[in-house]
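Work through the exercises below with the sequence and the model side by side. Each task is followed by a solution that goes step by step.

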Amino acid sequence: GAVRPPVDVKLLALNDFHGNLEPPSGSSGKIDGVEAGGVEYLATQLRTLAEQGQRPDTLTVAAGDLIGASPLLSAAFHDEPSIEALGLAGLDLASVGNHEFDEGADELLRIQNGGCHPVDGCADPAHPYAGAGFQYLSANAFVTASGQPLLPPYAIREVQGVRIGFIGMTLEGTPDIVTQSGVAGLDFGDEAETANRYAAELQEQGVQAIVVLLHEGGTQAGGGGINDCTDLTGPIVDIVHGFSDAIDLVVSGHTHQAYNCVLDGRVVTSASSFGRLVTDIDLRVDPTSGDVVEARAHNVVVGRDVAPDAAQKELIGRYRTLLGPIAGKE
């Protein structure tokens, strides 16, 4: 038979959004010397990059801490605004991070599945909270009682007939940095061990293109730019070293750093924090073997010199109005 040409898939990745709907201020609102961030601009940048990749072949993914430690506009409504905004921006899949556990397992499940807050009720009775328009993955956060992951450990997405597996995890040390009530009833597993186990499970299902979304990271030595990998140190280095060859690409986070690395022959990325960067990743998949044959990544600044997204502007306006009386009480 004829040899099928390789399939090109675009992944757009972010991490550590921390509820920054409005542009972050001061030094937190700059990167690479440019004013950056704000979900109105993030959504525009994601759409622009997706159009370059012929939209249906683009998946948007994240590596944790999308919520928690958030500005008032999101925090006042239990971060529902941020989940809505990211769904609106086209996010498909996200790993949990340590901050996803700040309010405990039940609240994380509500954030995923929807329903009004058990104590505070509906933020906006006209729009009851419908849950996340994307799937959270928690491969290494296990419910102690059952031994099962709290949320699905992985997801499989098909693009042009090739299947890609995404394994999502937080750092094993999550219980050490979250309040004890946040991790009550949960156990956290070793990152490399967990990823390898689920990668093997994906391969048994015939999935050979495997991406890990991991809320753990590293730090470059001074002077490394957003697309550099200058003497990267930190937990991510040993973790990736422990990954089986089945894993093709790692989207990382947690350290709020930007880097674009190749470790052990694998592309390993991080997009800083607060929605200031998007990592534009091009994967080339061999449709016969199903394996990734090439991966390239580029961190792109989310500048504020583009047209703000109208739907995001409206969402921010709606929550600002709802916040009115609350903000007055501060």
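**Exercise 1.** Which backbone oxygen does the side chain of Thr174 reach, and at what distance?

Solution. Before starting, note that this is a predicted model, in which local features need pLDDT of at least 70, side-chain atom pairs count only at pLDDT 80 or more, and totals for chains, interfaces and linings use all residues. Residues are numbered from 1 along each chain as its sequence is written, and side-chain values use heavy atoms, with hydrogens and water left out.

Step 1: the side chain of Thr174 reaches the backbone oxygen of Leu171 at 2.8 Å; a polar contact is a pair of N or O atoms within 3.5 Å, where within protein one must be able to donate a hydrogen and the other to accept it, and residues adjacent in sequence count only if both atoms are side-chain atoms.

Step 2: Thr174 belongs to helix H5 (residues 174-177), helices (H or I, at least four residues) and strands (E, at least two) being DSSP runs numbered from the N terminus.

Step 3: with a relative accessible area of 0%, Thr174 is buried, where buried means under 20% relative accessible area, exposed over 50%, and partly exposed in between (1.4 Å probe, protein chains only).

Step 4: once neighbours within four places in sequence are left aside, Thr174 is in contact with Asn98, Phe101, Val183 and Phe188, contact meaning heavy atoms within 4.5 Å.

**Exercise 2.** Locate the disulfides, and state for each the handedness and the exposure of its cysteines.

Solution. Step 1: taking a disulfide as a pair of cysteine sulfur atoms within 2.5 Å, the count comes to two.

Step 1: Cys116 and Cys122 form a disulfide with their sulfur atoms 1.9 Å apart, and the torsion about the S-S bond is about 75 degrees, so this disulfide is right-handed. Cys116 is partly exposed at 28% relative accessibility, and Cys122 is partly exposed at 32%.

Step 2: Cys229 is joined to Cys261 with an S to S distance of 2.1 Å, and with 95 degrees about the S-S bond this link is right-handed. Cys229 lies in the loop between strand E11 (209-215) and helix H7 (235-241), while Cys261 lies in strand E13 (residues 258-263), so the pair ties together parts that are 32 residues apart in sequence. Cys229 is partly exposed, with a relative accessible area of 30%, whereas Cys261 is buried at 1%.

Step 3: when the bonded cysteines of the protein are numbered in sequence order, the pairing reads 1-2, 3-4.

**Exercise 3.** Which residues of helix H4 (residues 105-113) are buried, and what covers them?

Solution. Step 1: in H4, the residues Ala105, Glu107, Leu108, Arg110, Ile111 and Gln112 are buried.

Step 1: their cover includes H3, strand E6 (135-137) and strand E10 (186-188).

Step 2: after H4 comes Gly114, with a positive phi near 100 degrees.

**Exercise 4.** Is Ser82 buried or exposed, and which residues does Ser82 touch?

Solution. Step 1: Ser82, which lies in helix H3, is buried, with a relative accessible area of 0%.

Step 1: not counting residues up to four places away in sequence, Ser82 touches Phe17, Gly19, Leu21, Leu66, Ile67 and Ser74.
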